[in-house]
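Subject: Structure handover

Hello,

Here is the structure I promised to pass on. My notes follow below it.

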Amino acid sequence: MSKSLGNTVAPQDVIKQYGADILRLWVASADYSEDLRIGKEIIQTTVDAYRKIRNTLRWLLGNLAHYTPADDTPVAAMVDLDRLILSRLKALGEGVEAGYRAYDYKRVVALITNFMVNDLSAFYFDIRKDALYCDPISSVRRQGALTTIQLVFDALVKWLAPILPFTAEETWLSRYPEALSVHLELFPELPEAWLDDALEARWASLIRVRRVVTGALEIERREKRIGSSLE
């Protein structure tokens, strides 16, 4: 930025329009080993990334409104899909904590965002919403899904708190109104037993098949031969 060129971006203007957490997310996403760039397009990209994070947290919060401690399900009793997400959550946690220790915030943001967008929104949520909305309250599959969502929620909000302090605080207190602050919490210690390489390998092939089927469904939808993919 140069005052003489008149291309400066004032932090207070960004905060006024988008909020301080957008500016914090841009800072954390930037590679500080190189020259930093900022402008309207870059800020808009950050806003879009923030919106995806916030929408994921809203989805988790909305479904946790139906969660009770009676739904708690041991991981060993869960179906494969839920155990797969917990395996990936454990792997994510290791990457996130390593990123924080190395002051590599860009990596932390990339890991969490990728997990939220690809593993949760586009995959797990898309599959699990049927069980959450349609299965009986006593359903083991539904209870296992709610337990998984609870574990995912707690971990993600704690990991995001140093980078998005206002958003994390708002989210945490919406879930736990009696809590003092998410910033008094420690990062979760996730069990090593959650990692399951065999399960990951089996689901990798299933996901490849799903990707092909999803692509074929898009062609059918574009040709107006079907409406929703459930048809």
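Phenylalanine 123 and tryptophan 203 are both buried. This is a predicted model. The two rings have their centres 6.1 Å apart and their planes at 80°, so the pair is edge-to-face. The pair links distant parts of the chain. Phenylalanine 123 sits in helix H5 (residues 105–134), tryptophan 203 in helix H8 (residues 197–222), 80 residues apart.

Another aromatic pair joins tryptophan 172 and tyrosine 176. That pair is tilted, at 4.7 Å centre to centre and 55° between the planes. Tryptophan 172 and tyrosine 176 are buried. In total, the structure holds eight aromatic pairs. Ring pairs also build a cluster from Tyr100, Tyr103, Tyr105 and Phe187.

With Tyr32 and Leu36, Tyr103 makes a nonpolar surface patch of about 380 Å². Leucine 36 belongs to the loop between helix H2 (20–29) and helix H3 (40–64). Its relative accessible area is 48%, so leucine 36 counts as partly exposed. Tyrosine 103 follows helix H4 and has a positive phi, near 60°.

Now H4 itself. The helix covers residues 80–101, 22 residues in all. From first C-alpha to last it reaches 32 Å, close to the 32 Å expected at 1.5 Å a residue.

On to charges. The structure holds 16 salt bridges. Which one ties H4 to a loop 102 residues away in sequence? Lysine 90 meets glutamate 192 at 3.6 Å, N to O. Lysine 90 lies in H4 and glutamate 192 in the loop between helix H7 (165–175) and H8, so the pair ties together parts that are 102 residues apart in sequence. Lysine 90 is buried, with a relative accessible area of 10%, whereas glutamate 192 is exposed at 53%.

Other bridges stay within a helix. In H4, arginine 101 and glutamate 97 are four residues apart, about one turn. Their side chains meet at 3.9 Å, N to O. Arginine 101 is exposed, at 60% relative accessible area; glutamate 97 is partly exposed, at 26%.

In H3, aspartate 48 and arginine 51 are three residues apart, again about one turn. Their salt bridge is 3.2 Å, N to O. Aspartate 48 is partly exposed at 33%, and arginine 51 is partly exposed at 43%.

One last item: salt bridges link Asp80, Arg83, Asp196 and Arg202 in a network.

Best wishes

Definitions and conventions. Residues numbered from 1 in each chain as written. Predicted model: local features only at pLDDT ≥ 70, side-chain atom pairs only at ≥ 80, totals over all residues. Heavy atoms only, no water. Helix = DSSP H or I, 4+ residues; strand = E, 2+ residues; numbered from the N terminus. Expected span 1.5 Å × (residues − 1). Patch = residues over 30% accessible without salt bridge, like charges linked within 9 Å, V, L, I, M, F, W, Y side chains within 5 Å. Areas by Shrake-Rupley, 256 points an atom, 1.4 Å probe, with all protein chains shown as cover. Salt bridge = Lys/Arg side-chain N within 4 Å of Asp/Glu carboxyl O. Buried < 20%, exposed > 50% of the residue type's maximum accessible area, 1.4 Å probe, protein only. Phe/Tyr/Trp six-rings, centres within 6.5 Å; stacked < 30°, edge-to-face > 60°.
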